[in-house]
Amino acid sequence: MEKFDIYLIGVGGQGIGLLSETIARAIDHAGFEVQGVDTHGLAQRGGVVESYIRIGPSHSPLIQKGKADLVIGLEINEALRGLNNYLRDEGTLLYSQTEWQPLAVRIKEDRQDVSAAIAAECNERNIKKVIADKIKLEDARMENVVILAVLAREKIIPGVKKGHYSLALQDLMAGPVLDKNLEIFLDVFGD
Amino acid sequence: MKKLGDVLLQPDSFSELLMGNHALVRAMLESGVRVVTSYPGSPTPEIGAAITSLPRDQNPLYFEFSVNEKVALEVAFGAAVNGRTSCVFFKSVGLNVASDSFVQLGLMDIPGGMVIVLGDDPGANSSQNEQDNRHFGRLSYIPIFEPKDPAEAYNMFKEAVRLSREKHMPVILRLTTHVCHAKQKIEFAPLKLEEQDNKPGFSPEKYGPYIPLTSSVFELKKIALERLKNFQEEMEDSPFHEVINNGSDRGIITTGLPFKSLMEVLPEIEEEVDILRLGVVHPLPEKLIIKFLKDHGEVKILEELDDFLEQKIKSLAYDHNLNTVIEGKVDFDDWIGEYTPDKVWDVLEKNWPDLLSSREERKPIHQAIPRPPQMCPGCGHRSAFFAIKKALQKEDISVADIGCHTLGYLPPYSLGQVLLSMGHSSGTASGLSLFNTEKNVVAFLGDSTLFHAGLPGIINSVFNQHNFTLIIMENDTTAMTGHQDNPGSGRNVRGETKKIAIAPLLESLGVEKIFEIDTYSQAKLTDYVKKAVEFDGFSVVIAKHPCMLKFSREQRKKGRTLKKVQITDKCREIHACVSAFGCPSFQLNQDGAVWVHDDLCIGDGSCIQTCPVQAIEIKK
Ligand SMILES: Cc1ncc(C[n+]2csc(CCOP(=O)(O)OP(=O)(O)O)c2C)c(N)n1
């Protein structure tokens, strides 16, 4: 497999670690070489969290600025940040429209139309924009499995298929939690 | 489901996608380590999590989170002089706390072998500095391995144990944040857990002396230097050093993760250069380095943080009359930050502008709004800061300490104006209160930190009659680093233990004025802080509430759904909840309307009392 670099970004508390672990394992199940690294520590307290996944031959677990093939944003403000910092021209942006307002918005120091900002940047740099389906979930952290299903359905990561994602979920979950996640996965996948 | 503990205990060889911190535990098991100790701190606490994931009845490791790094190191040392192979791990700044005992280790004959795993943090991802702990190796005559990735960390750990046992000397394995946390597919060797004997191995007659006093200090120091020399000779041709020869006149000497960054940008560099990557960074393989210098006209030392290698390599070149051009750090930027691939490009470009072209940063059309970290929904520390702010004058001085509550320094609370290290707050506050009759001084301290390094400052405040108010932010856990138990929790990694209650402890120390209150009782807390501040002398307020992130996770695990609050039509858009109390669950619309985000709210209800018009209620 050719090189394919994925940068994930979200807010501490969204469960980005589990999402990135699932994607990395799905890539492994698909038989590709993979490495990556997540944010741990301080930022996990409601700050920006990021994760890097690299497919194919690579050296550093870190991706260079502006060189990711795919940016996954779990939150809309963070999608803009990830797009600005890491996505290459003509790459793909997959994001969730979930919004958790940053502090500056809540204390009335700043505000912006984030959707419009994302659209402008994507337009300027010929970026393919994919918005994750909006469905009602009982727990916000299940949004991650919606992202997985969209990745599988839209074949966003080359060579990684539905079966690989569900194997990865089975590596990491069991019992009713697994059932619930697989149910949402299949539902969004449209099976 | 693949459970980490089961994966790590597989008897056969296998390959698995694992993070560096987890892979280390397999290395411990394979190399017969028996005692592991630590005090939690990023980037290393996941090592502890991996050990505690091992099924209790199959876990051959004794593990503890000690009260601080110094004690952790001493426990590991005690085990190792008794013949039990041990390992202590902690974060970069943990070594400062441990250092008084650490610097003695090199002098000691350690028959069991002892590996010190250090998690350095270039880039200060989750630390109060980015100190370069390689200096400590030189200071204490202790060798340092530095792996480039998780797979090598696993292999180097085993080699470190082997050498440590063979030479009876401590060995450091220095990791950095993105080696600890990087994930890759690692090939693991088979695991054979051998029955180990419990015969006491401690023998001052055979291995001592262990009392470094008077003339024995010199004798022990000489032995330490000899051991180090012997280690160096053996490591000259260690397979952990790596030479990449492209036949160039230009070479780069580098180590660890910066090597990987270099390999990442290399294909984009105009000319192929040669590389020497060092797996042991102290003591240096001198012959290998001299040969590399001789073979090249120009050598760049590419090293993260300080000029540790540069100084040593330049002096080697001087001693050997080499006229190779050696280029080290060019400016202060080269001393700062993690050597990511982007950074390595910028660093190299300064030396070799002919090989690397300047990279321009693209300006995005719209910048994203910054998102600083913040306290979680329901956090007891938030209620505390909200209430304490009301008790203080604007001019009062507030001293922060380390923990989740450090975040109180950010708006909207802005409490905490100075910070040195874990447990500094009482000492610093004492100093601030001297020759100071105008401003009250208030200091904060977390409960894990109180036991870790906070007690001497408290005792000193009693002993020397200082005049300030200490607010202990008790949440029953070591929250910031991932909820490890502390002596106030009533639990350790094995189960229940005696709980050291803070108020009686302080009473027994002679603290005269102690208030204790749950932080959700905000008005009372405000009142207590006012009284404490008015008190002439040293006073303490214990502001407690269990960590709500821990609580809400436990509830979710049990399958319970959490309640939510909602804003009623009594709302007058005063915005106390969203702007002054600042719980992230409150969202503010452009038109001024406030709503509660169900993704975030945990229904704790600590916000209800903050609304002057009672417009917040628990959703039915
Ligand atoms: C010497 C040292 N060891 C470890 C750390 C890592 N560390 C940062 S915050 C923290 C937790 C402190 O816990 P506590 O005092 O209970 O405060 P909480 O986070 O629970 O509010 C630790 C251990 C550090 N910064 N310095």
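This is a predicted model: local features need pLDDT of at least 70, side-chain atom pairs count only at pLDDT 80 or more; totals for chains, interfaces and linings use all residues.
In chain B, helix α17(B) passes helix α18(B) in a right-handed crossing. Helix α17 of chain B covers residues 447-463 and helix α18 of chain B covers residues 502-509; they pack at an angle of about 25°, with their axes 11 Å apart. Angles under 35 degrees count as roughly parallel, and α17(B) and α18(B) are therefore roughly parallel to each other. From α17(B), the contact draws on D447(B), L450(B), F451(B), L455(B), I458(B), I459(B) and V462(B), while α18(B) contributes I502(B), L505(B), L506(B) and L509(B). Sorted by class, the residues of this contact between α17(B) and α18(B) are 10 nonpolar, no polar and one charged.

A residue of that contact also leads to the ligand. D447(B), which takes part in the contact on the α17(B) side, is listed among the closest residues to the ligand, together with E69(B), H381(B), C404(B) and T449(B). In total, 26 residues surround the ligand. On the side of E69(B), an N or O atom of the side chain is 2.6 Å from a nitrogen atom of the ligand. H381(B) places a polar side-chain atom 2.8 Å from an oxygen atom of the ligand. With S448(B), the backbone takes part: one of its N or O atoms lies 2.9 Å from an oxygen atom of the ligand.

Turning to chain A, helix α5 (residues 143-153) and helix α7 (residues 175-189) have axes that come within 8 Å and cross at roughly 40°. Helices α5(A) and α7(A) are therefore oblique to each other, and α5(A) passes α7(A) in a right-handed crossing. On one side of the contact are V145(A), V146(A), L148(A), A149(A), V150(A), A152(A) and R153(A) in α5(A); on the other are N181(A), I184(A), F185(A), V188(A) and F189(A) in α7(A). By class, the contact of α5(A) with α7(A) comprises 10 nonpolar residues, one polar and one charged.

Some backbone details in the loops of chain B complete the account. The peptide bond from G208(B) to P209(B) is cis, with omega near 5°, and P209(B) sits in the loop between α9 (204-207) and α10 (216-235) of chain B. Another cis peptide bond joins H282(B) and P283(B), where omega is about -10°. P283(B) is found in the loop between β12 (280-282) and α12 (286-294) of chain B. Finally, F435(B) has a phi near 50°, a positive value in a residue other than glycine; F435(B) belongs to the loop between α16 (425-433) and β16 (441-446) of chain B.

Definitions and conventions. Residues are numbered from 1 along each chain as its sequence is written. Chains are lettered from A and ligands numbered from 1 in the order in which they are written. Side-chain values use heavy atoms; hydrogens and water are left out. A residue is near a molecule or strand if one of its heavy atoms lies within 4 Å of it. A polar contact is a pair of N or O atoms within 3.5 Å; within protein, one must be able to donate a hydrogen and the other to accept it, and residues adjacent in sequence count only if both atoms are side-chain atoms. Helices (H or I, at least four residues) and strands (E, at least two) are DSSP runs, numbered from the N terminus. Axes are lines fitted to C-alpha atoms, for helices over the stretch in contact, and angles run from 0 to 180 degrees between N-to-C directions. Angles under 35 degrees count as roughly parallel, over 145 as roughly antiparallel, 65 to 115 as roughly perpendicular and the rest as oblique. A crossing is left-handed if the near helix is turned anticlockwise from the far one by less than a right angle, and right-handed if clockwise. Contact means heavy atoms within 4.5 Å. Ala, Val, Leu, Ile, Met, Phe, Trp, Tyr, Cys and Pro count as nonpolar, Asp, Glu, Lys and Arg as charged, and the others, Gly among them, as polar.
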